[in-house]
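Here are my notes on the model, point by point. Please read them with the structure open.

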Amino acid sequence: MAISLFDLFKVGIGPSSSHTVGPMVAANQFAHQLQERNLFSSVNRLKIDLYGSLGATGKGHGTGTAVLMGLEGELPEFIDPSLINKRIEKIERTSQLSLLSQHLVKIDVATDLIYHRVDRLDFHANGMVLVAFDENDKEIHSATFYSVGGGFIVEEDEQGKVVLVEDTTELPHVFHNAETLIKLCRQENKSIAQIVMENEKTWRTEEEIKQGVLSIWSVMKLCVQQGIKNEGILPGGLKVKRRASSLHKDLVSKTRMDMITPSLGAMDWVNLYALAVNEENAAGGKVVTAPTNGAAGIIPAVLHYYWDFCPRSSEEGIIEFFLTAAAIGFLFKENASISGAEVGCQGEVGSACAMAAAGLAAATGGTPEQIENAAEIGMEHNLGLTCDPIGGLVQVPCIERNAMGAMKAINSASMALRGDGSHYVSLDKVIRTMRDTGKDMNDKYKETSRGGLAVNVIEC
């Protein structure tokens with residue numbers, strides 16, 4: 001299956017790519033199915049069933065809201081987050097929504113939007129069923145979707161089999177593991193970024209790719225700026241205070257010599273960048289799925305570290321960072337998972353940490369072997385990381401976990417660049433280990449809020 005960098009890095013809204021971005025896209029697709037089947041005007045009522053992790057933590061993750069907005073025709077990249085609450089209030093008050101903003105249909109959010117907290121569907125932990133009824137309350141169309149992480153969705157066919165619509169584009173450089181990727185680099189005498197760039201040129205021109213990458217980088221920078229600007233309490237009931245704004249005020253009022261030690265000054269800024277992004281994500285703001293929303297702060301924080309603290313940083317380095325990080329992300333998506341509901345937070349923060357470590361190593365002159373080593377270190381030290389959000393909200397421990405992941409990524413790149421690229425455990429082996437660890441992990445630690453911190457910390 002061919003995957004583009006722009007499939008992996010998508011602009012969306014918080015707080016979760018699997019719980020918000022994917023479900024919104026699925027609901028939008030369902031609404032268009034009704035239109036394409038000439039059933040649009042016959043729809044009188046809608047019903048939504050959310051299963052597995054979507055049912056267990058969907059309220060805290062904003063899944064219901066995302067589905068309702070998708071049914072009204074919205075997509076994550078284009079929706080205005082500032083208008084969502086008013087639109088949801090209207091739907092709840094009137095028990096109606098405007099299907100694709102064209103046709104009013106009934107939906108009682110209290111009874112037609114159902115969160116199944118324990119039940120799950122077979123294919124994946126993030127399952128959802130949408131059903132449309134006519135004026136006689138007869139079912140006229142239904143569809144089952146799975147949000148499989150990073151905003152990617154798949155759908156069951158009429159026989160109950162999952163339809164995987166793969167991109168069969170023939171790429172000039174095919175690799176399914178890190179070992180093959182490194183061999184390609186040696187054979188072609190190219191960097192990892194150059195290999196990915198030539199693949200991306202199958203879909204777009206080089207200039208379009210570069211401008212697209214810089215556009216993603218601009219959204220990440222804006223997200224950091226918004227996170228620094230906004231103050232107050234995050235929504236959801238945990239009363240978590242936003243810290244990025246006050247941390248920024250504190251940092252800009254000091255010189256680097258005022259930090260704990262001069263050498264740790266950069267760490268304070270990296271923490272700020274990660275906290276700013278993930279506070280915006282927790283508040284339902286616009287973020288870049290990188291590769292998920294729950295881990296959306298790691299790559300922007302490390303990119304800001306590169307831009308602000310690395311000598312000779314440049315836009316070309318930013319592009320090389322993204323292309324290299326994407327290559328590592330492809331390997332995780334194909335050979336393991338980037339879904340917290342499937343393998344725990346190791347699949348989100350762990351994958352993002354490895355991608356960021358590889359990107360930073362590449363942008364600062366690392367060889368393909370050093371880059372592979374950096375990614376391996378980043379993932380190895382996130383193995384077994386569980387997903388146990390308190391209250392089903394992407395706040396505790398998720399926000400701070402992104403700051404920790406960003407620091408791990410920087411340290412991973414630093415250690416790899418100090419070596420010659422040779423190391424004991426390969427990236428392919430650590431990805432395989434992450435996959436196997438995820439399979440062995442108890443389901444209560446996979447984004448259900450039924451284990452770990454979610455049950456051992458009293459919600460206030």
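1. Helix α16. This is a predicted model. Helix α16 covers residues 368-380, 13 residues in total. From first C-alpha to last, α16 reaches 18 Å. That is close to the 18 Å expected at 1.5 Å a residue.

2. Burial of α16. Helix α16 is mostly covered, with eleven of its 13 residues buried.

3. Main core. The largest nonpolar core has 104 residues. Phe9, Met220 and Phe322 touch the most other members. Where does this core lie relative to domain 1 and domain 2? Domain 1 (15-162) and domain 2 (178-445) both contribute residues, so the core lies between them.

4. Leaving out residues up to four places away in sequence, Met220 touches Phe9, Val288, Ala290, Ile299, Pro300, Leu303, His304 and Phe322.

5. Stacked pair. The structure holds six aromatic pairs. One of them, Tyr305 with Phe309, is stacked: 5.9 Å centre to centre, with 20° between the planes. Why are these two residues about one helical turn apart? Because Tyr305 and Phe309 are four residues apart in helix α12 (residues 298-309). An α-helix has 3.6 residues a turn, so residues three or four places apart point the same way. Tyr305 has 19% relative accessibility and counts as buried, because the cut-off is under 20%.

6. Edge-to-face pair. Phe321 and Phe322 have ring centres 6.4 Å apart and planes at 65°, so this pair is edge-to-face. The angle qualifies because edge-to-face requires planes over 60 degrees apart. Phe321 counts as buried, at 0% relative accessibility. Phe322 is also at 0% and buried. Ring pairs link Phe9, Phe321 and Phe322 into a cluster. Phe9 and Phe322 were also named in point 3, among the residues touching the most other core members.

7. Charges over a ring. Which ring has the charged end of Lys10 over it? The ring is that of Phe152, with the charged end 4.0 Å from its centre. The charged end of Lys333 also sits over the Phe152 ring, 4.1 Å from its centre.

Conventions
Residues numbered from 1 in each chain as written. Predicted model: local features only at pLDDT ≥ 70, side-chain atom pairs only at ≥ 80, totals over all residues. Heavy atoms only, no water. Expected span 1.5 Å × (residues − 1). Buried < 20%, exposed > 50% of the residue type's maximum accessible area, 1.4 Å probe, protein only. Core = buried A, V, L, I, M, F, W, Y, C linked by side-chain atoms within 4.5 Å. Domains from an automatic or database assignment. Contact = heavy atoms within 4.5 Å. Phe/Tyr/Trp six-rings, centres within 6.5 Å; stacked < 30°, edge-to-face > 60°. Lys NZ or Arg CZ within 6 Å of the ring centre and 35° of its normal.
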